[in-house]
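Please examine the sequence and the structure shown below.

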Amino acid sequence: PANQFNFSERASQTFNNPYRERGIQTEPPPRANFTSNANQWEIYDAYMADLAKQEKAKEKKATTKKDDDKKRKTLQVESTTDDITRVDEAAKIMERMINQNTFDEISQDYKFWDDTSDEYRDQEGSLLPLWRFSYEPAKRLAVTSLSWSKYYYDLFATGHGSYDYLKPTRGLVLCYSLKNPSFPEYVFETDSGVMCLNFHKDYPYL
């Protein structure tokens, strides 16, 4: 019979997949240092201001019975706007960070993309479409003007109206930022169409 202790060792080697590293770089959000002291009289003043605000709200409710429904609506709007304004700045920063991660490849192409075939073209180049800005209420309006801000390099404004002067329509002024191409930063509605616009050279917020 065969020797049951006759042992032979066999080895095999498999292919190991190479390691790949992938990194994503985003612009850091702005930071600010804030310090304050919380003492007994500051806490007392805060409670007194809140109490005065609650008393004013009660006085508004007790004006008349006819305007009771209207007052309730206004109070609800004020409370909701107060809550929104508290998180408005933080939500805007969070939205920009999400958009930077979503459109990271487009941002990299915007900074570093270069077509090597342009070297063989005489005084001609190629364009790479990157962003597409759209706003639902402005779809039926024509883009009549565009202006880039000279102070905020990522901000530009567009004017919307109609070239059909026999049928005047409403107008819009939209301010877009390259940091958030999904929605305009500011929206201004006008009664008539906007035909031209420009940023003020001394006051960039105008």
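**From surface to core**

L51 lies in helix α1, which covers residues 40-61; helices (H or I, at least four residues) and strands (E, at least two) are DSSP runs, numbered from the N terminus. This is a predicted model, in which local features need pLDDT of at least 70 and side-chain atom pairs count only at pLDDT 80 or more, while totals for chains, interfaces and linings use all residues. Residues are numbered from 1 along each chain as its sequence is written, and side-chain values use heavy atoms, with hydrogens and water left out.

The protein chain has three helices and four strands, and from the N terminus the order is α-α-α-β-β-β-β. Of its 206 residues, 17% are buried, where buried means under 20% relative accessible area, exposed over 50%, and partly exposed in between (1.4 Å probe, protein chains only).

With a relative accessibility of 39%, L51 is therefore partly exposed. Together with Y44 and M48, L51 makes a nonpolar surface patch of about 300 Å². Such patches consist of residues with over 30% relative accessible area and no salt bridge, nonpolar side chains (Val, Leu, Ile, Met, Phe, Trp, Tyr) being joined within 5 Å and like charges within 9 Å. A salt bridge is a side-chain nitrogen of Lys or Arg within 4 Å of a carboxyl oxygen of Asp or Glu. The areas come from the Shrake-Rupley method with a 1.4 Å probe; for residues, only the protein chains shown count as cover.

Which residues make up the largest nonpolar core? The eight are Y135, A138, L141, F156, L172, L174, Y176 and L178. Strand β3 (residues 171-177) contributes the largest share, three residues. A nonpolar core is a set of buried Ala, Val, Leu, Ile, Met, Phe, Trp, Tyr and Cys residues joined through side-chain atoms within 4.5 Å. In soluble globular proteins, nonpolar side chains tend to be buried together.

The whole structure holds six aromatic pairs; rings of Phe, Tyr and Trp (its six-membered ring) pair if their centres lie within 6.5 Å, and planes under 30 degrees apart count as stacked, over 60 as edge-to-face and the rest as tilted. The pair of F133 and F156 is edge-to-face, because the ring centres are 5.1 Å apart and the planes stand at 80°. F133 belongs to the loop between α3 (104-112) and β1 (142-148), whereas F156 is in strand β2 (residues 155-161), 23 residues apart. F156, at 5% relative accessibility, is buried, and F133, at 25%, is partly exposed.
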